Amino acid sequence: MGKLIYSGIASLDGYVADRDGNFDWAAPNEEVHGFVNDLDRDVGTFLIGRRMYAVMEVWETMGTAESPPVIQDFARIWQAADKVVYSTTLTQPRTKRTTVESRFDPEAVRRLKETSSKPLGIGGPTLAAAAIEAGLVDEYQIFLNPVVVGGGLRFLPDGLGLRLELLAEHKFGNGVVYLNYRTLS
C-alpha cells in the first residue's frame, strides 16, 4: 500500500506564498534541491492542483544537458512519475503520464493508495487540505525557510487539529530546516 505524503516549502510563519502570490523566496538552493530529489525519487504518482501543475509542468522540458545535475535529476524524476491534476478548468493534460480529474474524489485516492506499491506525493495546500480533511495524508514533509512573509496562502489549513510524530529533521547550510512527520491515528 502506498502512503500519501504532503510535501512543500514554507516560510517560518507557515505560508507557501505571500499575500501577492509570490514564492520566489522559496526557491531551493542546490543542497536543498538535491535533498528534495532524494525524497521524490520513489514517488510513483504526484497529485496536484491546476496552479501547482502550471508551476511544475516546466519540468517536462527542463533538465537538458546544459542544466546543472540537480536540475537534470529532478526532471527525470518528474517525467518518470504519473501525475493526476485536479482542475475544473483544465480538460487536457499538457504533459506526459498525466491525467486530469475534474474533482478531488477521496475514495478514488484511497483506492490509488491501496493499489500502489510506491509512495504518492500531494502538492499544493488547497488540494492537500481536501486530502487532510478526508484523512488520507500519512506524512508531512515541510521545508521551513528562514523568512517571515506575514500572510498569504498557508501550508496547512486553518482550524486543523492533528497529532503527529516527528520522523526526521535536517538543517541545511542556508538556514532551511526540513521536518518530516507521520500522522498518528
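These notebook entries record what I looked up in a predicted model.

**Entry: helix α3**

I checked the length of helix α3, residues 69–80. Its twelve residues should span 16 Å at 1.5 Å a residue, and I found the end C-alpha atoms 17 Å apart, so the two values agree. I then looked up which residues of α3 are buried: they are V70, I71, Q72, D73, F74, A75, I77 and W78. The elements that cover these buried residues include α1 (30–40), β3 (45–49), α2 (50–56) and β4.

The largest nonpolar core here has 22 residues, and L4, Y6 and L47 touch the most other members. At least two residues of this core come from each of β1 (4–11), β4, β6 (120–123), α5 (125–133) and β7 (139–145). Helix α5 gives the largest share, four residues.

Leaving out residues up to four places away in sequence, I listed its contacts, among them I122, P125, A128, I132, Y140, F155 and L156. Another core, of 14 residues, lies apart from the largest one; F46, M56, I71 and V85 are among its members. I had already recorded I71 as a buried residue of α3.

**Entry: R97**

Where does R97 lie? I located R97 in the loop between β4 (82–86) and β5 (98–101). I recorded a positive phi of about 60 degrees for R97, which is not a glycine. Most residues other than glycine have a negative phi. R97 counts as partly exposed because its relative accessibility is 45%, between the cut-offs of 20% and 50%.

Note on methods. Residues numbered from 1 in each chain as written. Predicted model: local features only at pLDDT ≥ 70, side-chain atom pairs only at ≥ 80, totals over all residues. Heavy atoms only, no water. Buried < 20%, exposed > 50% of the residue type's maximum accessible area, 1.4 Å probe, protein only. Expected span 1.5 Å × (residues − 1). Contact = heavy atoms within 4.5 Å. Core = buried A, V, L, I, M, F, W, Y, C linked by side-chain atoms within 4.5 Å.
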